[in-house]
Amino acid sequence: MPDIVLSNVQKSYGAGSPNAVSDLDLHIRDGEFMCLLGPSGCGKTTTLRMIAGLENLTDGEIRVGEKIVDSPARGAFIGPEKRGMGLVFQSYALWPHLTIERNTDFGLRLRKVPKAEREARVTEVMKALDIEKYRHRYPSQLSGGQQQRVALARMLAVNPGVLLLDEPLSNLDARLRLEMRAELKRIHAAFGTTIVFVTHDQWEAMTLATSIAVMNEGRLQQLGTPNDIYDRPANRFVAEFVGSPPINILETATGHALDRAASHWLAGRLGESAGVGSVGFRPEALQIARSEAAVPGDSFRHAAEVTGILPTGGSWIIELKVDGRALFATTTECPVLKGGERVFVHARPTAMHVFDAAGLRLAGADDTLARAA
Amino acid sequence: MRHGNRRLDVVLILGAVALTLLPWYRIDGGFYGFGWLAGFPLSTEVAPGLVQIAAHGRWWLAGVVLLLLLAGAARGMADPMRRGAALAWLGALGVLFLSLQGLAIGFSGWTWTISESLFGALSDGQPSMGAGAVLSAVVFVLLFSFGLAERGVMKGDAFVVSAISLLVFLVAVFVFYPIGSMFAGSVQDFDGSFNPDGFIRNMQDPGIWSLGCVIGGGRCGVAWRTLWLAIMTGLGSTLLGLAFALVATRTRFPYKKGLRLLTILPIITPPFVIGLALTLLFGRAGVITQGLSELFGIEPGRWLYGLTGIWIAQVLSFTPIAFLVLIGVVEGVSPSMEEASTTLRADRWRTFRRVSLPLMKPGLANAFLIGFIESMADFGNPLVLGGSHGVLSTEIFFAVVGSQNDPSRAAVLAMVLLVFTLSAFLAQRFWLSGKNFATVTGKGDSGAHIALPRGLSIGVHAIVIPWGLFTLVVYGMILVGGFVKTWGLDNSLTLDHYAKAFSISFDGSIAWTGVAWNSFWTTMEIALISAPLTAIVGLLTAYIIVRQKFTGKNVFEFALMMSFAIPGTVIGVSYIMAFNLPPLEMTGSALILIACFVFRNMPVGVRGGIAAMSQLDKSLDEASLTLRAGSFRTIRKVILPLLRPAITAALVYSFVRAITSISAVIFLVSAEYNMATSYIVGLVENGEYGVAIAYSSMLIVVMITVITGFQLLVGDRRLRRENRVAGLAPSRQEKTA
């Protein structure tokens, strides 16, 4: 399957309503496992449906290889039935009046595949997904996880070049979700299919995707590998959306003691006119020292009070307060701290994510801080 | 992108067929008689379009040929956008051209003076459109749709675009064209020239608008009487319906199941039967009238014939409908709201008055408006009981068929009636929409409804029990009436009436000697043809409304629903005014009856379809689309199997309505195609009550049989839920094995 290229895609549901998707450029390469990540209402499902051909673009174009599949300006539109993409719905959308087998071979029958070949193919897919024994059952007789696999099998049976998944794991319990994640990774490896996956669950995105597109309010925020997204968030939205507990953000413009300290510390390293709007550090980068002497010389530091220690099984979240402002740190070593204890929090310069006043990652700040360290 | 070529070729070939192989004009003997094959293709009457142009001087048809040739040329265009635009334009022009030439050129030349002065007089006119003309109209509509589809309208789905265009086309022809020509007819003279005299005279007629009864001088105009009757019927049926609903849900009345049975009665009862039964009870020769006169010497009066009698008959007829609406409303009031009120120390009476009743208000208004519209549209009861005190619907009838034969009067009366019903319909739609307080939510709402306050409970029982008994007696009369010799005079039992209506003799072969058989079989035939058509049109419309988004969808939906509010009498009058002359001539045929049923009953199919389809998750058909099924296949393979209950309902309803309806039918029947209802009305007018009643009860029995049959045939939606328990067992065995 050739690459899928979205150029300057706009989608609006009727004049007057805000755009569901704006100025979206996205290049999905062959064999990629791309995740569209964002809060609900960010336009990710709309994007997926536009790729599938279930929604028209308002403007812009989508190409598959050299072929334009949707472009309002050129009046070109290829319907969903001719795009050769398989979409798996959040609700599975299994037809309740057909057996599992008939659900699965629906697409093959439409293609008039000879009976022997059809049955062989269906059996192969069903075996791969371990649903062969339910062949003659009806969807309502299967559990959620089994239905999920039937929905996948139905799409895989026709061997689509692209598999589009709309939050397919959101209805499953935690254990099944883990199993299905492994299953999807295996399918991706075994069939070499391009997969586009919509989710609001960052862990799902991080663990599955080869690249993640983070979206918010209809706009693409950042496109990159999971590590890129986590380690070099392009803006404050991405930084704050990805990661749990959330990243600690200090705004330089407020009068709070902590913010003033951060502002002063950054000015000393980046210069007064660097245009810093805020700075963030992830909870695992926030370290705790019982005395200031233990803090490495070049680290940012501040006095704080421990207000809570929350065990999460193998790791701990430590809640701290500075003048009423909450900070979170995580650690994998059993903390020896007590509630109410006065401590020093500190973070390495390389762990700092510096953003400008508009919330964009400050170009050059990373290098400067790395050199300073 | 040439995947549109095959369907385009098919349509172009059809266009060629329409011009060369089918008679262009209407065949008098009927198309399906195939008598026209003898004179084909050269004689004037049956010649196809091309021959008409070449040999019979119908040069204007060359426009059709030209447009089709252009469409054929457009097929070769490379750019899909430009080709689409060309096809859409050619299609639209074709439809426009066909309708214009049809309207402009009548039997004897130009019908409009403006065209005559422009093009000069024609030597010969043209008869009505026939198979060729109709097929070419369809071809143009399809060309238009394919053109739009190629331009990417509706995601380029040709099936959906064609379905929408065809539906709009059909509704325009069978709903709006007749109404429009009725308006036009009211301001025309017999020769077709503009002459508003009749219109103005009728508009100012005191017989319609007089307020004499209020001011104290004589009778009120028929418009006010009809309005008054409709309001009283609406109030009466709503109050009774509410009483029944309360008894059925909030009391420990022992025969609740029996009450529910009431709701199916109005569906299977021909509309005039109640009036008929009332005549047998309270008419001058009625059982009760005679009994009272013998026992107490009360003079037999004629009080039944007039608004009072019609009112009683209508309340009897429409109370079950109000009951059906209100039972949903009363059950819809969440018990927890009432429980909240009682825990705040309101007693039962205050809870009912301050909480339950206000919550039911929109439902009550809705029931009232339904009763109002039904009463306005009712034709059967006023016809049987009206006497000289007619209402609008019967006055319209007499203006057309009576001795006065005044089409402009009929049109004016029809307009007045239409204004009343449409206002009620609009009120229902805009004022009540969004005011639904039915508080059934997705949450499991436990708790029980509180019982009615004691006084109210006694009150509703006191209403419900006598009225229920009264209804039983009335329906009993219908069943018994057919077996009684002559009402009032000779009450001995007999089978004569049934024998007269339904006798069969075996003279070697079966001879249907009964007087009723002819109309009975016609009715069955037409009802059986129109039921599936109605279901198809209705469900297709529902699919488009629920599943497709397009500009003008609201207008589309509204226009379709509005045809439901047009009273049958108005439809009847407008059909005979529209389809009696070229360009479309259908009166006296079975076709006009079928068209009338399909477009009158379609809105109910639409509503049922919308309700059923809204419950089907959209992703079910999207999944099928992404698997390369087009929308037609998706409908066939996925949606239809899941819509079985809605299909049954639409089939049964349209079938039954086709059998029981009278108001529009009575205008449209002919000697050849007489329907059961109009035949029965004829019997009543001749005073043959016994046969009429016998025939009516036969119809009721047949309808019950057919409803059951449909139910068994179509069956339930198979979701296999019932197998769930059985299915669990083997899976456990598999696990252990």
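This is a predicted model: local features need pLDDT of at least 70, side-chain atom pairs count only at pLDDT 80 or more; totals for chains, interfaces and linings use all residues.

Me: Thanks for joining in! How much area do domain 1 of chain A and domain 2 of chain A bury between them?
Reply: The domain assignment of chain A gives domain 1 as 4–241 and domain 2 as 248–372. Of the area buried between these two domains, 47% is on carbon and sulfur atoms. The total comes to about 930 Å².

Me: Which residues in domain 1 of chain A lose the most area to domain 2 of chain A?
Reply: Three residues together make up 56% of what the domain 1 side buries. They are Y230(A), R232(A) and R236(A).

Me: How many residues of domain 2 of chain A are in contact with domain 1 of chain A?
Reply: The centres of the two domains, taken over C-alpha atoms, are separated by 39 Å. Domain 1 of chain A brings 10 residues to the contact. On the side of domain 2 of chain A, the number is 11 residues.

Me: Which elements give two or more residues to the side of domain 1 of chain A that touches domain 2 of chain A?
Reply: Between the two domains, 8 residue pairs are in polar contact, with both residues at pLDDT 80 or more. By class, the domain 1 side has 5 nonpolar, 1 polar and 4 charged residues. The elements that give two or more residues to that side are α7 (226–231) and α8 (236–241) of chain A.

Me: Is D259(A) buried or exposed?
Reply: D259(A) lies in helix α9 of chain A, residues 257–270. Leaving out residues up to four places away in sequence, D259(A) touches L250(A), E251(A), T252(A), T254(A) and R325(A). Its relative accessibility is 0%, and the cut-off is under 20%, so D259(A) counts as buried.

Me: How many of the 9 residues of helix α1 of chain A are buried?
Reply: Helix α1 of chain A covers residues 44–52. The buried ones are K44(A), T46(A), T47(A), L48(A), R49(A), M50(A), I51(A) and A52(A). The helix is therefore largely enclosed by the rest of the structure, and the number of buried residues is 8.

Me: Which residue follows α1(A)?
Reply: The residue after this helix has a positive phi, near 95°. The residue is G53(A).

Me: How many residues apart in sequence are the parts that K44(A) and E167(A) tie together?
Reply: K44(A) forms a salt bridge with E167(A), with the closest N and O atoms 3.7 Å apart. K44(A) lies in helix α1, whereas E167(A) is in the loop between β8 (162–166) and α5 (174–191) of chain A. Both K44(A) and E167(A) are buried. The pair ties together parts whose separation in sequence is 123 residues.

Me: Is R109(A) buried or partly exposed?
Reply: R109(A) meets D105(A) in a salt bridge, at 3.2 Å from N to O. The two are 4 residues apart in helix α2 of chain A, so about one helical turn separates them. D105(A), at 3% relative accessibility, counts as buried. R109(A) has 34% relative accessibility and counts as partly exposed.

Me: Is K115(A) exposed or buried?
Reply: K115(A) forms a salt bridge with E119(A), the closest N and O atoms being 3.9 Å apart. Both residues lie in helix α3 (residues 115–128) of chain A, about one turn of the helix from each other. E119(A) has 33% relative accessibility and counts as partly exposed. At 53% relative accessibility, K115(A) counts as exposed.

Me: Which residues of chain B are linked with K11(A), R49(A) and E55(A) in a network of salt bridges?
Reply: The structure holds 35 salt bridges over all chains. In this network, K11(A), R49(A) and E55(A) are linked with K549(B) and E622(B).

Me: Which backbone nitrogen lies 3.3 Å from a polar atom of the side chain of S589(B)?
Reply: S589(B) is in the loop between α26 (568–578) and α27 (590–614) of chain B. S589(B) is buried, with a relative accessible area of 16%. Its side chain reaches the backbone nitrogen of I592(B) at 3.5 Å. The backbone nitrogen at 3.3 Å is that of L591(B).

Notes: Residues are numbered from 1 along each chain as its sequence is written. Chains are lettered from A and ligands numbered from 1 in the order in which they are written. Side-chain values use heavy atoms; hydrogens and water are left out. Domain bounds come from an automatic or database domain assignment. Contact means heavy atoms within 4.5 Å. Buried area is the accessible area (1.4 Å probe) that two parts lose on being put together, summed over both. A polar contact is a pair of N or O atoms within 3.5 Å; within protein, one must be able to donate a hydrogen and the other to accept it, and residues adjacent in sequence count only if both atoms are side-chain atoms. Ala, Val, Leu, Ile, Met, Phe, Trp, Tyr, Cys and Pro count as nonpolar, Asp, Glu, Lys and Arg as charged, and the others, Gly among them, as polar. Buried means under 20% relative accessible area, exposed over 50%, partly exposed in between (1.4 Å probe, protein chains only). A salt bridge is a side-chain nitrogen of Lys or Arg within 4 Å of a carboxyl oxygen of Asp or Glu.
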